Amino acid sequence: METTQQTESKIIELQPFADEMVVNMGPQHPSTHGVLRLELKLDGEVVREAIPHIGYLHRCFEKHSENLSYPQIIPFTDRMDYVAAMNQNWGFCLAVEKLLEADEKRNFAVPERAEYLRVLICELNRIASHLLSFGTYGMDLGAFTPFLYAFRDREKLLLLFEKVCGARLTYNYIRIGGVSEIIPMEPGSITEQNFLDEVEQFLDYFEPLIDEYNELLTKNSIFSERTTGVAVMSAEMALSYGATGPNLRGSGVDWDLRRDEPYSIYDRFAFDVPVAMNVPELGAVVGDCWSRYKIRMDEMKQSIRIVRQILAEGLPDGPVMADLKAVRPPKGELYFRSEAPRGELGFYIVSDGTPKPVRVKGRSPCFSALSALQELSQGLMVADIIAIIGSIDIVMGEVDR
Amino acid sequence: MSDILPEGFFAQVPAGNWAEEFVQNVVIPQLPEAVAAHFSVAFGTVLVMFACAGIFVGLVPLLPLVLVLAERKVAARFQNRTGPMRVGPWGTLQTLADGVKLIFKEDYIPPQGDKFLFLLAPYIIFACSFAVFAAIPFGQNILVSPFNIGIFYIMAISSVIVMGVIMAGWSSNSKWSLLGSLRSAAQIVSYEIPLGLSILTVVMLVGSLNMQEIVASQSNGLFSWLIFRTPFTFIAFFIFFISSIAEVNRTPFDLPEAESEIVAGFHTEYSGMRFALFFIAEYANMFAVSAIAATLFLGGWEGILPGYDFLGGFPGFVIKTLALVFLMMWLRWTLPRLRVDQLMNLCWKYFIPIAFFNILGTGIWGLIFPEDTLISISISCVLIYVGLIGAYNVAGRGLAQKPQPQASSA
Amino acid sequence: MTPEQIYEALVEQFGEAALGFDTQLAGDPSIYIASAAIADVCQYLAETDTLAFDSLMCLSGVDLNAKDEELAIVYHIYAMQHRHSVVLKTTVPKTDARLPSVSHIWKTADWHEREAYDLYGILFDGHTDLRRILLPDDWEGYPLRKDYKEPEFYRGMHVPY
Amino acid sequence: MEFTLKTFIFYGFALLTVASALVVVTVRNIVHAAFSLMVTLFGVAGLYVFLQADFLAATQVIVYVGGILVLILFGVMMTSGRLEMRLHIERGQLLLGGVISAALLMLLLTIIANTPKWKNLSDDGEQLEPTTRRIGELILNGQFLLPFEVVSVLLLVALIGAALISRKEVRD
């Protein structure tokens, strides 16, 4: 069957005397966060229309998934949101585990210790991700120093991750049924307590720095001039576009899956969900770029709070991996969403009872948030486009999958 | 010298031309009598001046080499890094290595562009950047040419840089370049106005366009510096300095080459040595505007104490200039970038009215205090002090205030 | 509301359009909707105050089997206000994969439907800008269909590595 | 007239001015013409220097090169999407232009003939003084005060008008 009725791409007619200038922003552009291509129709500096073109980083995740067993898919999720790969692993594992739990014949449960480790590591990963977002946002707006500060701190986190799983970016650490063990890089080099101490050291070092970063960038008047009141996304618009996570909270919707639909062991921790409010001193209104950015800064503190609670409690004893002979979920289908740093990461899995899924759909938060760009950017300036892209914090690996 | 070079271009320095004196007192006694009899002092002067100019043209391009390294080191310190460390001791030869790399890079010319203009543009910018140095007095006698219209000449030459920028942007046949050059042109043309108006306050007080005379009027120590002479020149200094940051396209006004927005602005398509020319010109400009600011407002080569000018005031002048350069670097590595409309608002809605107000104020001040006396300078300093306190209370309060913490509900 | 209650509400409102309620398999129960009525059902779900489904979490095309005659489209929708979610499912024949678009109800459906079109060749009537999103514009075929054969060459490039 | 380095430089500037002016009127690429005009204006500034009009020379560069020419280039680049627009000269325009140019030439020649003595740099011995002071005095001491103010009001009107025109789009 061939229906090519609507397949022809739009051909832009060349209008030599039009006032409009069509500019190709990307796919190779310093601040499109990867390989996003924007077709900008400019009237001078004013953007009449910004049409996002995606797919430059399409790696056929969904097609690959159909030919791989469930554990084999996990490394592919690493490559989705490569700056918060732990959360991606976890999102997928959670979905599969949920499906496994639905199988009455098995008595499947993820061990406590693994749950704690997962929360610990994913919250650290959330900090790393937000740090990157903070740094690159500063750089997008022309401030170079925050970027290096952020990378300096992120580096420390990456070293921690490296100690845990041997990888710095694509971890494959969280597995279906638990986590892979805290692996000593060399025999005797790191123990559990040793590792937790290092985490604590990092938190002690990092917590005061957030305030410093707020002084450096958040309260900077040029920065707030650039970001406040720009590209205001109302709560309705954010919901309609499926913006989630910090973008949704930046629009003033008090919603966090970790609190409102707690999964894993999030209901055991006390943490606040930062929600955007008008800040009249700076001119910030709910839903603008500044609010979205600020949510991330505040979320880092909450992540620290969660990790501190884990450190205070200590990890429970026990195995880190459930006794799982083979991952063979029952026939059925399931959509499960978790709160990744960039929003709600959903996995829709259709299983036919074999070790390979029939269908895996990754519902990435950035994909939905990015689709709002076209509406957000109308009538703004070229520089504002950069501010929007940075503030919705896209990772193209996740958008294109 | 009168029969070789257009004399109108040079001022008659009251104290006598140093080069002429040099020839008269040092060169001619050295010459054999037969030669000396036919040796025109003027001719010798021109020779000496050409030689000095040669040295200047040779030395001034070394400045950017130092400044680029300084910028990288300063940036590194701001960012808790070490900066370049590998080439030479403490990375001191890094810029040289970069230069060598750039020379050997492919000299790419966009095939669809305008080749002639593309090749010409960097030279225009480069030449204009360095021509400015001819009028900057580095010390008592360290000056290429004491132009009658020194500061005006500098403004004229630096306004030509715009043409090079537009040329570069247009001839690259790249939309990013064009956008960058349009931004740059709009920015430079706009910021020239507050810049010129700020210079005008100085010129009004000194009564001369000659750079040496401007310096000479500030020879009575720290409080005779023009920045402290009236409260209006104090404001004018900041307008001048901020505008000159905009003129040389540095953060927070680096929109023409905002790498996160329009890739690299007007020099997107340039590579190799041609790019290096832009780069060098940028740093030369940075030094030049700092030097001009130091000359106009901070006493030039005159020292803090009256009559104290070690080595003709050269080290003091360089220290002042480098301090301003450092300030520029500091700003660059701290601040984000403005948006185009904010940039224009700042210029047209704030700087230009303030600059006009300054001119008016300076005129009135000049009527009240025709001569600088202890009283006038004391009043001025008190006003500046009060103004600064007031400004901090008005503007600084907003900075010190913390934004309301985001509401949180568990 | 539980999915059962929502199903009952839908049966009451649309009668035949709501085709069935599936709780047999593991995982989320889903409501079957006739493909022609999907936009109306979604409109009803989004605009009725007691339901108020204001966010479309996920829209996926599904091809269960190469031998199947039909493609499934699955809508995961959620109501922030009432905190309930439901799974809608509809099927279209592979030979004439065509159903009404819901992009006017939830804007996020815009890109999700484009993706479903891109990968499954499902045409959404009423979608304003239905073109390929992830694959190149001139790509042939719909890769996530189970009967998809990857081409030997794409623009002279050897595709299977 | 003795041929010194100075005369050599003078003829250099003169040649530059005339040659680039010729390029301005003959070249078909409008942007090239504009850039060539820059050279012409520079050359004229150089000639001003030889007339001991240093202030005028600098003003020439600031106003014409840094200001007006930039505006011309802006106009060229912004009004037409096709930057490499070719110029077409029609016969009628040519004729009209010729007549106007001839009239202008006559005017200039008359002035040259009627100027008793060109104060130029070959007049040795004369003490030079900054021209700025004299210009300032002439403008502000009454002789040219009225024309000066009229021109400034005219420019202000032009400024307001330009702002009005450019803001029209925003208002709509």
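Tutor: Let us begin with burial: a residue is buried under 20% relative accessible area, exposed over 50%, and partly exposed in between, with a 1.4 Å probe and protein chains only. This is a predicted model, in which local features need pLDDT of at least 70 and side-chain atom pairs count only at pLDDT 80 or more, while totals for chains, interfaces and linings use all residues. Residues are numbered from 1 along each chain as its sequence is written, chains are lettered from A and ligands numbered from 1 in the order in which they are written, and side-chain values use heavy atoms, without hydrogens and water.

Student: What share of the residues of chain D count as buried?

Tutor: The share is 24% of the 172 residues of chain D. Helices (H or I, at least four residues) and strands (E, at least two) are DSSP runs, numbered from the N terminus. On that basis chain D has six helices and zero strands. A contact means heavy atoms within 4.5 Å. Among contacts in chain D between residues at least 6 apart in sequence, 59% join residues at least 24 apart.

Student: Which residues of helix H2 of chain C are buried, and against what do they pack?

Tutor: In H2(C), residues 38-47, the buried positions are Ile38(C), Ala39(C), Val41(C), Cys42(C), Tyr44(C) and Leu45(C). They pack against helix H1 (3-14) and strands S3 (30-33), S5 (70-79), S6 (84-93) and S7 (98-100) of chain C.

Student: With what does S1(A) pair, and in which sense?

Tutor: Strands of a sheet pair through backbone hydrogen bonds, either parallel or antiparallel. Two strands count as paired if DSSP finds at least two bridges between them. S1(A) pairs with strand S2 of chain A (residues 37-43) in the antiparallel sense, over five bridges; Asn24(A) has Glu39(A) as its bridge partner there. Six of the seven residues of S2(A) are buried. S2(A) is also joined to S3(A) by seven bridges, again running antiparallel, and Asp43(A) is partnered by Val46(A). Two residues lie between the strands of this hairpin, where Gly44(A) takes a positive phi near 70 degrees.

Student: How is the interface of chain A and chain C described?

Tutor: Buried area is the accessible area (1.4 Å probe) that two parts lose on being put together, summed over both. Chain A and chain C bury about 4400 Å² between them, 55% of it on carbon and sulfur atoms; 48 residues of chain A are in contact with 52 residues of chain C. A salt bridge is a side-chain nitrogen of Lys or Arg within 4 Å of a carboxyl oxygen of Asp or Glu. Six are counted between chain A and chain C, and Arg83(C) and Asp260(A) meet in a salt bridge at 3.4 Å, N to O. S7(A) gives the most to the side of chain A that touches chain C, with five residues.
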